[in-house]
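Me: I would like to learn how to read packing features in a model like this one. Could you take me through some of them, one at a time?

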Amino acid sequence: MDIFSISSAVHYSHTPPPFTLAGKHHHATTTSAASLILASSSSQDFPQNPNPNSAGLRRPATQKPLKTSTPQPSQLPENPLKKFVNFQNTPSATNSPPHDTLSNKLWLSSKLSPPPPPPPPPPPLQETELEDEGFENSEENKKEVEFREKGKIFVGNLPLWIKKIEVADFFRQFGPIKNVILVKGHNDLERNMGFGFVIYSGTTAENAAMKAVEFDGVEFRGRVLTVKLDDGNRIKGKYSDRAKWVEGKEDDAVEYRSKWHEEREGSRVDFRKVLESQPENWQAVVESFERIKKPSRKEFGLIVNYYARRGDMHRAREMFEKMRARGIEPTLHVYTNLILAYSVGRDMDEALSCVRKMRDEGIDLSLVTYSIIVGGFAKTGNIDLIFVSAICGRAAERWFKEAKEKITSLNGIIYGNIIYANCQTYNLNRAEELIREMEEEGIDAPIDIYHTMMDGYTMTQNEEKCLMVLDRLKECGFTPSVITYGCLINLYTKIGKVHKAMEISEAMKTAGIKHNLKTYSMLINGFIILKDWANAFSVFEDLVSDGLKPDVILYNNIVKAFCGMGNMDRAIRTVEEMKKERRRPTSRTFMPIIHSFARAGNNRRALDVFDMMRKSGCIPTVQTYNALILGLVEKRQMDKAVGIVDEILLAGISPNEHTYTTIMHGYASLGDTGKAFEYFSKLKNEGLELDVYTYEALLKACCKSGRMQSALAVTKEMRAQNIPRNTFIYNILIDGWARRGDVWEAADLMQQMRQEGVQPDIHTYTSFVNACCKAGDMTRATKTIQEMEAHGVKANVKTYTSLIHGWARASLPEKALRCFDEMKRAGLKPDKAAFHCLMTSLLTRATVAEGYIYNGILKLCEEMVECGLTVDMGTAVHWSKCLRKIERSGGGITEAVQRTFPPDWNSHKTLTAISDVSNDDSDDDDDDSGFRDSDSDGEDVTVFNGKFRS
């Protein structure tokens, strides 16, 4: 992931949103006892027989209560999200008919994995209990509903900039709207107060209001809404004021505030206004906070939350300590904001220290706090370091378990965080279990959880289940967004199907969804992996034409593309364009340029890039030097690469495990086992991490030099370090035994792969086919080709070349020709090695073969000329010797073959120059001589084990 962040964000407002499902219907049916007492007392205190002759104002003789109709019981079906509401508060729960809800039909986990058997139903409540309960509350409900306005709901926690039409469009889905009332500020009529009322019209007004209340806690324009039925406080207040006026008990006393209080209140209002309208302008936010003469706990909580969202945990802690220095004790809300700051900053140790401090002060953690902690551990895990990700995943699971024990009802946010944590650790089975558990508790999965699961299956490259989640998302009524399409583009670019990624891109445009920088970046990176530079630049031009400004990541991809083409000067000009666009280059910007210059052998230009990097404000790191070392290793300039390691030490930078592993790979490619073990000892003595890549370099060195007993000792050491063998390790070992022609050891390794659950890939099968061909076991080689096709692995050019080589060694050129034709029918284009192998075989056997061999030689020569292939001088000399045996005075074959020779070929001079060369040169066994001479079965393994102990 990381290019895309699709995790479930933690929503946290100034007023903690309701997270529990139970209790949301209390606003619709009953109110608090205090409001009932107030309503009854106010109606009893009215004078029944006032004195008509009393002085003063004339008052009405009788009190007529407001005429309000008694509402009829609602006929709405039970909400599937509220199926766990307490039965004592819903008298009609036992009589409600079952409903086929969307949650029961469209669960996400129904396709991902089969659900467990349902739990036994709870015992039914007695009808007498429900009837008594309903009788007791009937009178109170009647008195309470008298003050309610039918079809009216209260909407709180609205954005201050919201307009009436936007609120109306959102709530119109439940029924026709009569009016929308947004409460304005007392001094600023252009500014909303953050709450208002929605009044439905028509005969279904009450039903529409009941449906709207179910959206309590839903996110709207970045805020978590508070939606309640109108409790009648407004009419009740007017009723109470009128009663006081009738009784002559109105209070004319008005509280006058001092100028200092007015200024302080004005600065507090200005601070909240700046915080809402200009959150990106941190200077304006800080200045408005500093203008408050005496900030309260609320203002300190807001500024801590502001720094927390920016990830500035140090400033958040500073404000927290300033608040405590003023004698203001932090509450749960302030502590939760501080924990959020540390979670965003990925410093979970400090976050846990805040939790311990809260518990010492007797403050219990809320659901929001638990959700932030679980989300912090989920995002702290580094995918590149598997063990760190696993530790963070276990910590997230532990805190989630504690939240389940302490809090009865969880919400979708904390479930989304724990599912994201399991996806980051590749534990998709546990993620599916959590989805099933969430849905069984009546919590519908939001679209963020669908995106998290798609991203998890993208990391495991499981295309089938990723598409399954997409289908379920559409069935549940969600509309695919740019994040949904981005997950699919990321999947196809990672598995190498860029053409399907482009189809998804076209589908986005058809659906009216515009690309963003991340989707364009993924497409460009996919073409760069395939080395399709033209399409990569074409996507970049589409980005610019759409009016998007490239960010640092996109510029880095373009620099990488130019370096892959070998155009380093254009890459440097791209860096200059970045500076003009006020995009600061990073170390990742310069790494491909340095690597490309080093790989081209231009060390002076590579060092000049280091100076350019320092002038741009980037300090070279160990990763930057590793790029230079990698380029030198690929150029086989090991002395210069080792010199760079010494320069790193002089610069005060410590080499890491990647530095030494790169050096080891360089010596392994040269077959220098001693040097490879020397740097392995340095890596081990410095306490650096030993991973599978380190042992891969050691095995490569041993197999390259033919020391297979040393390779076996390396595998034993890996087992002792609990490092599992992956496909690359098995490929190296099988290739090592294939070089020696030991098909039995190679077959034993294939069997071990199956037992350990490691899937062979095309390189594994090709190495094993090569081992069979060198051992002369062509029957097993043919069966291996059939086996790999049965497992869905298609043979490539190298596989067919190894098979052609085997038939040539078996003196069966007709089967080699047949294999060559099968390769072309499979849609593969033969390379130079395939032509060389087959032509050498045919020329060697042409003196004693049938006439079809001559036709095969002529046909191969024509194809090589059409492909523009020419052989090197050594191959030309060898083929010329074979031609002298076939046609001593020249002929058609000689003329055809010489068309594939180098342009400076001169048969008379060359043949004269090589006349003294012996004719004992091997034709196709040159690569086998080393294996005959490199038998190291008697190698002293104890010396090797001593290197590990050191």
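Me: Where does Tyr-370 lie?

Reply: Tyr-370 lies in helix 15, residues 367-380. Helices (H or I, at least four residues) and strands (E, at least two) are DSSP runs, numbered from the N terminus. Keep in mind that this is a predicted model, in which local features need pLDDT of at least 70 and side-chain atom pairs count only at pLDDT 80 or more, while totals for chains, interfaces and linings use all residues. Residues are numbered from 1 along each chain as its sequence is written, and side-chain values use heavy atoms, with hydrogens and water left out.

Me: Is Tyr-370 buried or exposed?

Reply: Buried means under 20% relative accessible area, exposed over 50%, and partly exposed in between, with a 1.4 Å probe and protein chains only. Tyr-370 has 2% relative accessibility, so it counts as buried.

Me: Which residues is Tyr-370 in contact with, leaving aside its neighbours within four places in sequence?

Reply: Contact means heavy atoms within 4.5 Å. With those neighbours set aside, the partners of Tyr-370 include Arg-359, Leu-365, Trp-399, Glu-402 and Lys-406. Tyr-370 and Phe-400 are 30 residues apart in sequence, yet their C-alpha atoms are 7.2 Å apart in space.

Me: What about Glu-402?

Reply: Glu-402 has its place in helix 16, residues 386-406. Its relative accessibility is 17%, so Glu-402 counts as buried. Beyond its neighbours within four places in sequence, Glu-402 is in contact with Arg-359 and Tyr-370.

Me: How do I read a pair of aromatic rings?

Reply: Such a pair is described by the distance of the centres and the angle of the planes. Rings of Phe, Tyr and Trp (its six-membered ring) pair if their centres lie within 6.5 Å; planes under 30 degrees apart count as stacked, over 60 as edge-to-face and the rest as tilted. The structure holds 20 aromatic pairs. In one of them, the rings of Phe-170 and Phe-220 have centres 4.6 Å apart and planes at 45°, so this pair is tilted. It links distant parts of the chain, with Phe-170 in helix 6 (residues 164-171) and Phe-220 in strand 4 (residues 219-220), 50 residues apart. Both Phe-170 and Phe-220 are buried. Ring pairs also join these two with Phe-171, Phe-174 and Phe-215 into a cluster.

Me: Which ring does the charged end of Lys-152 sit over?

Reply: A charge sits over a ring if NZ of Lys or CZ of Arg is within 6 Å of the ring centre and within 35 degrees of the ring normal. For Lys-152, the ring is that of Phe-197, with the charged end 4.5 Å from its centre. Lys-152 is found in strand 1, residues 152-156, and is buried, with a relative accessible area of 4%. Elsewhere, Arg-780 lies over the face of Trp-744, at 4.9 Å from the ring centre.

Me: At what angle do helix 21 and helix 23 pack?

Reply: Axes are lines fitted to C-alpha atoms, for helices over the stretch in contact, and angles run from 0 to 180 degrees between N-to-C directions. Angles under 35 degrees count as roughly parallel, over 145 as roughly antiparallel, 65 to 115 as roughly perpendicular and the rest as oblique. Helix 21 (residues 482-494) and helix 23 (residues 517-529) pack at about 10°, with axes 9 Å apart. The two helices are therefore roughly parallel to each other.
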